Amino acid sequence: MGNPLCERRSAAEWSAGSQVIEIAEKISNFEQLARIIEADLAALDADKIPAAWREAVVTGQLEFGYADAQRTLPTVSCRAKVTVDAVCQRCLEAFRLPLETEADLLLLALEQEADGYDDYEVWELEETLLQPQDIVEEMLIMALPFSAMHTESTACRALVSGTATSDKEMTTPFAALREQMAQDNEGSA
Ligand SMILES: [Zn+2]
């Protein structure tokens, strides 16, 4: 059986069946997100990179439907979460970073407008066919913090010796990586 996450159909088709898709997919199958995480972890010494970071599993659900009774405005509710490995920008050690995203999206074609649906975020369909995985991936990328770090600074203090503050500009935080990816994509399009 095929994986519906990777199927391409029009938004109207997805919504017509009120399709519900359960997500249970390894991070390695999300190419862009995996590239960002890989670039982030590259700041670590090779022996400190968590061996199984690609195995982290994204879980959640996509539920297609409509915003209007006339069924002209396709929507999708997206919930997804995963705990990834990342580099703490304060102490430069690997740590587990929980990512979570939740949104109700209105699936609009380019230049299509819909007023009065403020409960939804607009998702512009750049192509006629929609691959649900792309939505999950972009939502998770947007959920990446600008600067990832241990929630408790005490978790860092246990690791930092107090001398290592000066060479901390070596790492590339998520915000910069994300920007770089966007530029790369524009360049190749
Ligand atoms: Zn830390």
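These legends describe close-up views of a predicted model.

**View 1. The whole chain and its elements.** The chain holds five helices and seven strands. Read from the N terminus, the elements follow the order β-α-β-α-β-β-β-β-β-α-α-α. Of the 189 residues in the chain, 28% are buried.

**View 2. Confidence along the chain.** The mean pLDDT of the chain is 89. A score of at least 70 is reached by 89% of the residues. Among the elements, strand β3, residues 57-66, has the highest mean pLDDT, at 98. Helix α5, residues 174-188, has the lowest, at 74. Residues 163-169 have a pLDDT below 50. Beyond near neighbours in sequence, this stretch makes one contact in the model.

**View 3. The five-stranded sheet.** Five strands form an open sheet in the order β2-β3-β4-β5-β6. The pairing is mixed. Strands β2 (20-26) and β6 (121-125) stand at the edges. Each has a single partner strand, so one side of each lacks a neighbour in the sheet. From one strand to the next, the twist averages 30°.

**View 4. The pairing of β2 with β3.** Strands of a sheet pair through backbone hydrogen bonds, in a parallel or an antiparallel sense. Here β2 and β3 are antiparallel, and seven bridges link them.

**View 5. The buried side of helix α2.** Helix α2 covers residues 31-41. Its buried residues are L33, I36, I37 and D40. They lie on the same side of α2, because they cover an arc of only 95° around the axis. An α-helix has 3.6 residues a turn, so residues three or four places apart point the same way.

**View 6. A11 and its surroundings.** A11 belongs to helix α1, residues 11-16. A11 counts as buried because it has 22 C-beta neighbours inside 10 Å, and the cut-off for a buried residue is 20 or more. Neighbours within four places in sequence are left aside here. Beyond them, A11 is in contact with P74, L107, L125 and L130.

Methods. Residues are numbered from 1 along each chain as its sequence is written. This is a predicted model: local features need pLDDT of at least 70, side-chain atom pairs count only at pLDDT 80 or more; totals for chains, interfaces and linings use all residues. A residue is buried if 20 or more other C-beta atoms lie within 10 Å of its own, exposed if 12 or fewer, and partly exposed in between; C-beta atoms are placed from the backbone. Helices (H or I, at least four residues) and strands (E, at least two) are DSSP runs, numbered from the N terminus. The arc is that of the directions from the helix axis to the C-beta atoms. Two residues are in contact if their C-beta atoms, placed from the backbone, lie within 7 Å. pLDDT is the predictor's confidence in each residue, from 0 to 100. Two strands pair if DSSP finds at least two bridges between them. Axes are lines fitted to C-alpha atoms, for helices over the stretch in contact, and angles run from 0 to 180 degrees between N-to-C directions.
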